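Hi,

Here is the structure we talked about. My notes follow below it.

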Amino acid sequence: MPLSGFDIFVIVLVLVVVVTIAMGIRTVPQGYAYTVERFGRYSRTLTPGLGLIVPYIDQVGKKVNVMEQVLDVPSQEAFTRDNAGVTIDAAAFYQILDAARASYEVSDMNQALLVLTMTNIRTVVGSMDLDQLLSHRDEINERLLRVMDAAASPWGAKVTRVEIKDILPPQDLAGAMARQMKAEREKRAAVLEAEGLRQAEILRAEGQKQSQILAAEGRKEAAFRDAEARERQAEAEAKATGMVSEAIAKGDLAAANFIVAEKYIDAIRALASAPNQKVVIVPIEVAGLAGTLGGIAELTKSVFGEGGAGLNKPVRSVPTVAGGAERS
């Protein structure tokens, strides 16, 4: 059955309605934002999810990625303040915060940020010496981030990080730096070794000092003890001499004989104990010595009483040598 003109009109009308409804529905994926233009002019921004626009009047302008993105900065050569040429690799991270400004304030966001990063890298490198450049990467990153974030703010973008990946000095300069580092480390090693020897000498001297101090204190204490012993011996001898003198004053001549005999026996003992003497000739009669010893025994008995009787034992006569002299 052929379609009439009315049927064709209805079908066309249905198709137009379906197409119109489809044109008014937009699905925005997560991490993106769509700008809506009405008659070519920015109207609003569609966020992730289901969005509606007016068909034939509104249209999607820019599809903007609002996720954080990385911008790889190609290697470039720059010169430091001391005229050292270096090759620098860097990377920048940024995120679109305002899709409208990112779409209509700048024509190519990536190219703009790339040129901005390379220009500021050369500026920062030119304001620093080579040694400072190699040892202050954090400072370089912070300065680049501050400058680039301020420059990208009118474009609706925020620069989150700027990282210097590598700084390569020339080969001849790198060799010179390696030799300098080696010399510096050798210098530190020599200084540390000298400091160690110095500390060892100081400790050794301190040890000798303490040893000498302790030895001197020991000698001082020994001398004090010897003096104290001699003092007590002198007191004892003085007391004994006083007792003998008192006995002599009372008319007891045995006390005088005791003193003389004691000194006599001490002299004989000293002669007999000399290391270089083998034979001692004493010009004295045995009878006289025996009498003296007998007097000592009597004196001891009178002083100590009967308890000292054991001292009054018969004295063994000593054989005489030629000429009647005594040999001990």
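A network of salt bridges links Glu221, Arg225, Glu228 and Arg232. Bear in mind that this is a predicted model. The structure holds 14 salt bridges.

Another one pairs Glu184 with Arg188, with the closest N and O atoms 3.8 Å apart. Both residues sit in helix H6 (residues 171–249), four residues apart, about one turn of the helix. Glu184 is partly exposed, at 35% relative accessibility.

Asp72 pairs with Lys165, closest N and O atoms 3.1 Å apart. That pair links distant parts of the chain: Asp72 is in strand E6 and Lys165 in strand E8, 93 residues apart. Asp72 counts as exposed at 52% relative accessibility, while Lys165 is partly exposed at 46%. Arg137 meets Asp166 in a salt bridge of 3.9 Å, N to O. Arg137 lies in helix H5 and Asp166 in strand E8, so this pair ties together parts 29 residues apart in sequence.

Now helix H3. It covers residues 109–126 and reaches 26 Å from first to last C-alpha, close to the 26 Å expected. Asp108 caps its N-terminal end, with a side-chain oxygen 3.3 Å from the backbone nitrogen of Asn110. Its buried residues include Leu113, Leu116 and Ile121. The buried residues of H3 pack against E6, E7, H2, H4, H5 and E8.

Last, the surface. A nonpolar patch there has about 1,100 Å² of accessible area together; among its residues are Phe6, Phe9, Leu50 and Leu52. Helix H1 (5–23) and strand E4 (49–52) each give two or more residues. H1 gives the most, with eight. Phe9, in H1, counts as exposed at 52% relative accessibility.

Best wishes

Technical notes:
Residues numbered from 1 in each chain as written. Predicted model: local features only at pLDDT ≥ 70, side-chain atom pairs only at ≥ 80, totals over all residues. Heavy atoms only, no water. Patch = residues over 30% accessible without salt bridge, like charges linked within 9 Å, V, L, I, M, F, W, Y side chains within 5 Å. Areas by Shrake-Rupley, 256 points an atom, 1.4 Å probe, with all protein chains shown as cover. Salt bridge = Lys/Arg side-chain N within 4 Å of Asp/Glu carboxyl O. Buried < 20%, exposed > 50% of the residue type's maximum accessible area, 1.4 Å probe, protein only. Expected span 1.5 Å × (residues − 1). Contact = heavy atoms within 4.5 Å. Polar contact = N/O pair within 3.5 Å; in protein donor to acceptor, adjacent residues only side chain to side chain.
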